[in-house]
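Hi everyone, thanks for making time this morning. I'd like to walk you through one structure, and please keep it open on your screens while I talk.

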Amino acid sequence: VTHSIPACIGSMTINGKQVDKESPVSIFAVNKCYETVQDGTFFDGSGFAALVREGYKVRSDVNITLEFRTTAVHGVLLGVSSAKVDAIGLEIVHGKVLFHVNNGAGRITATYEPRGTNSLCDGKWHKLQANKSKHRISLIIDGNSVHTDNPHIHSTSADTNNPIYVGGYPADVKQNCLTSKSSFRGCLRNLVLTKGQHTELFDFSRAFDLRGVFPHSCPGAEH
């Protein structure tokens with residue numbers, strides 16, 4: 001076994017002696033346990049999760065689905081970029097959800113604007129689907145769909161080869177399809193990327209870099 005257990009451990013005794021968990025000699029990537037807990041991964045608003053170290057190739061088609069829960073009106077959800085301009089990005093800005101795509105000819109954006117400013121940032125779970133099919137992009141939030149026309153119909157492939165950054169990204173990493181630098185604060189779950197027949201569910205505990213992110217541990221109420 002090469003990865004940590006996503007669980008809470010309490011009341012440990014060794015040779016009949018209670019282990020003091022309050023003052024450990026050293027500690028790494030251990031968070032407190034919550035009285036009430038939900039499925040999901042908690043992002044504390046300070047960092048990010050980095051997935052696919054060898055680089056994710058968006059190319060012509062990708063379908064992203066995830067669920068999020070937040071009370072903040074700003075936050076990066078997901079970004080995949082390249083050293084050039086090709087990239088995709090998902091973010092919450094002023095309570096709206098933005099899906100940006102650049103296939104090399106210029107950035108296009110699908111924007112979902114809820115009726116009330118805080119209706120997506122109400123601490124409840126919301127389902128998001130972002131779809132890129134060649135030059136077409138669409139965004140579906142809680143079943144409500146937004147489509148965007150793309151004038152660059154001959155530019156169809158986002159040639160990315162960088163990691164997938166979720167919930168934020170490091171200061172020294174360029175993201176060509178994100179306008180926000182604010183790390184996401186809240187919970188995410190069921191992150192799935194689909195390309196053709198290939199569907200991949202991402203487990204945050206397998207991320208190669210986690211900062212301010214606590215997999216499989218979503219507090220039942222906003223802290």
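I'll go through the cysteines, then the aromatic rings, then the pockets. One thing to keep in mind throughout is that this is a predicted model.

Cysteine 187 belongs to strand β14 and cysteine 218 to strand β17, residues 218-219, so the bond ties together parts that are 31 residues apart in sequence. Both cysteine 187 and cysteine 218 are buried.

What about cysteine 121? Cysteine 121 is in no disulfide, and the nearest cysteine sulfur, which belongs to cysteine 187, is 14 Å away. Is cysteine 121 buried or exposed? Its relative accessibility is 7%, and since anything under 20% is called buried, cysteine 121 counts as buried. Cysteine 177 is buried as well, with a relative accessible area of 0%.

On to the rings. The structure holds four aromatic pairs. Take phenylalanine 42 and phenylalanine 214: their ring centres are 6.3 Å apart and their planes meet at 25°, so this pair is stacked. If you trace the chain, you'll see that the pair links distant parts of it, with phenylalanine 42 in strand β4, residues 41-56, and phenylalanine 214 in strand β16, residues 209-214, 172 residues apart. Phenylalanine 42 counts as buried, at 6% relative accessibility.

Now look at phenylalanine 48 and tyrosine 165. Their pair is edge-to-face, with 5.8 Å from centre to centre and 75° between the planes. This pair also links distant parts of the chain: phenylalanine 48 sits in strand β4 and tyrosine 165 in strand β13, residues 162-166, 117 residues apart. Phenylalanine 48 is buried at 3% relative accessibility, and tyrosine 165 is buried with a relative accessible area of 10%.

Elsewhere, ring pairs link Phe43, Phe184 and Phe204 into a cluster.

What is the volume of the largest pocket? It is about 1400 Å³. The largest pocket is lined by 38 residues, and the closest to its centre are Ala7, Phe28, Ala29, Val30 and Asn31. Which element gives the largest share of that lining? That would be β16, with six residues. By class, the lining of the largest pocket has 21 nonpolar, ten polar and seven charged residues.

The second largest pocket holds about 210 Å³ of space. Its lining includes Asp39, Gly40, Thr41, Arg189, Phe204 and His216. By class, the lining of the second largest pocket has five nonpolar, four polar and three charged residues.

That's my tour. Happy to take questions!

Notes
Residues numbered from 1 in each chain as written. Predicted model: local features only at pLDDT ≥ 70, side-chain atom pairs only at ≥ 80, totals over all residues. Heavy atoms only, no water. Phe/Tyr/Trp six-rings, centres within 6.5 Å; stacked < 30°, edge-to-face > 60°. Helix = DSSP H or I, 4+ residues; strand = E, 2+ residues; numbered from the N terminus. Buried < 20%, exposed > 50% of the residue type's maximum accessible area, 1.4 Å probe, protein only. 1 Å grid on protein atoms, 1.4 Å probe; cavity = no way out; pocket = protein on both sides within 12 Å on 5 of 7 lines; lining within 4 Å. Points joined across faces, edges and corners; volume = space filled by probe spheres on them. Nonpolar A, V, L, I, M, F, W, Y, C, P; charged D, E, K, R; others polar. Disulfide = S-S within 2.5 Å.
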